[in-house]
Amino acid sequence: MNFKTEKMIVILLVSTLVSSVLAISIPKVQAETTAVKVMPQALEFGPDPCVGTEFTITVEVQYVSDLYGFDTQFGWNTSYIRYVSRTLHTPVETYPDGILHGPTMTIRNTVNEAGIPGTMPGTMYWAAASSMPPASPFEGSGIAFDMTFTIVNQPGYVEADAVFDLKIIRSQLSDHFGWPIVHSMRSATVTIYALRGPGDVNNDGIVDIFDIGTISAHWYPGPPIGPLGYSAVADINLDGSVDIFDIGITSANWGNTYP
Ligand SMILES: [Ca+2]
Ligand SMILES: [Ca+2]
């Protein structure tokens, strides 16, 4: 073995070692995990008057394999929002954005904002459906159901913003053997900002230097951009920017107090 060959072998060995170390240290691209998820994950309303506003969410089953049935218990905060309507998106032959292949059987499709017997506390909607033989198992992602709500209450001046969940209280997915499919549950958060008196962005009942401070903290877009980023409450004229025009509204209302 001459020197050149030895050198080649060393290089080969080293490169093999390096690539095997890299293979170990480079994390594999993690497979997307199966989830039952409320979409969108965050909803914001106000601080402009928003009572009477309707909105629709979907509950989706994501990255699932061999799905043959689902059972979901869902709840919300009736102090602020009320149920309007819902649609089960089964089977996919009828709802291309839905889940489960037909034929399907709807087992539960019950709404009662006062509670539903046989469910976990807080459940106001119980949805369950299953494919029936000879249906194929469902693969991938799709919508289990959509639901529309109307806003019935908004916190007043100087009250705290309302924050609550559109909550998946219990969720079961099953495969075509009837075995459970492991998955995560992802509820959504709803924020209903309290009414603000004009210029009173921090909602303490008076328009003063602290409101200017809140606007500059949320300054967007800059430059410079404020440390806290965009906020709908700092964007008084709701034009998508937090800027000198919002400062102008605060300055025009300087010293005003709100109950
Ligand atoms: Ca204020
Ligand atoms: Ca603005």
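**Notebook: fold, core and backbone geometry**

I began with burial: of the 259 residues in the protein, 29% are buried. I note that the model is a predicted one.

**Entry on the overall fold.** I looked up the secondary structure and found three helices and 11 strands. Along the sequence I read the order α-β-β-β-β-β-β-β-β-β-β-β-α-α. I then turned to contacts with a separation of 6 or more, and 70% of them join residues 24 or more positions apart.

**Entry on the nonpolar core.** I looked up the largest nonpolar core, which has 42 residues. Val61, Leu67, Ile99, Ala144 and Phe145 touch the most other members. I recorded the elements that give two or more residues to this core: β1 (35–39), β3 (54–67), β4 (69–75), β5 (81–88), β7 (125–131), β8 (138–151), β9 (162–174) and β11 (188–192). Strand β8 contributes the most, with seven residues. I also checked the domains: domain 1 (35–192) and domain 2 (196–259) each supply at least three residues to this core. In general, nonpolar side chains of soluble globular proteins tend to be buried together.

I followed Ala144 further. Leaving aside residues up to four places away in sequence, I find that Ala144 touches Val59, Glu60, Val61, Phe70, Thr72, His89, Ile99 and Ala127.

**Entry on the helix pair.** I looked up how α2 (residues 209–217) packs on α3 (residues 244–252): the angle is about 170 degrees and the axes are 10 Å apart. On the α2 side the contact is made by Asp211, Ile212 and Ile215, and on the α3 side by Asp246, Ile247 and Thr250. By class, I note three nonpolar, one polar and two charged residues in this contact.

**Entry on backbone exceptions.** Most peptide bonds are trans, and most residues other than glycine have a negative phi.

The peptide bond from Met39 to Pro40 is cis, with omega near -5 degrees. Pro40 lies in the loop between β1 and β2 (42–45). Thr90 and Pro91 are likewise joined by a cis peptide bond, with omega about -10 degrees, and Pro91 is in the loop between β5 and β6 (104–111).

For phi, I noted Tyr63, which has a positive value of about 50 degrees and sits in strand β3. Tyr63 counts as partly exposed because it has 14 C-beta neighbours inside 10 Å. Val158 has a positive phi near 65 degrees, and its place is in the loop between β8 and β9.

How values were computed:
Residues numbered from 1 in each chain as written. Chains lettered and ligands numbered in written order. Predicted model: local features only at pLDDT ≥ 70, side-chain atom pairs only at ≥ 80, totals over all residues. Helix = DSSP H or I, 4+ residues; strand = E, 2+ residues; numbered from the N terminus. Buried ≥ 20, exposed ≤ 12 C-beta atoms within 10 Å, placed from the backbone. Contact = placed C-beta atoms within 7 Å. Axes fitted to C-alpha atoms, helices over the stretch in contact; angles between N-to-C directions. Nonpolar A, V, L, I, M, F, W, Y, C, P; charged D, E, K, R; others polar. Core = buried A, V, L, I, M, F, W, Y, C linked by C-beta atoms within 7 Å. Domains from an automatic or database assignment.
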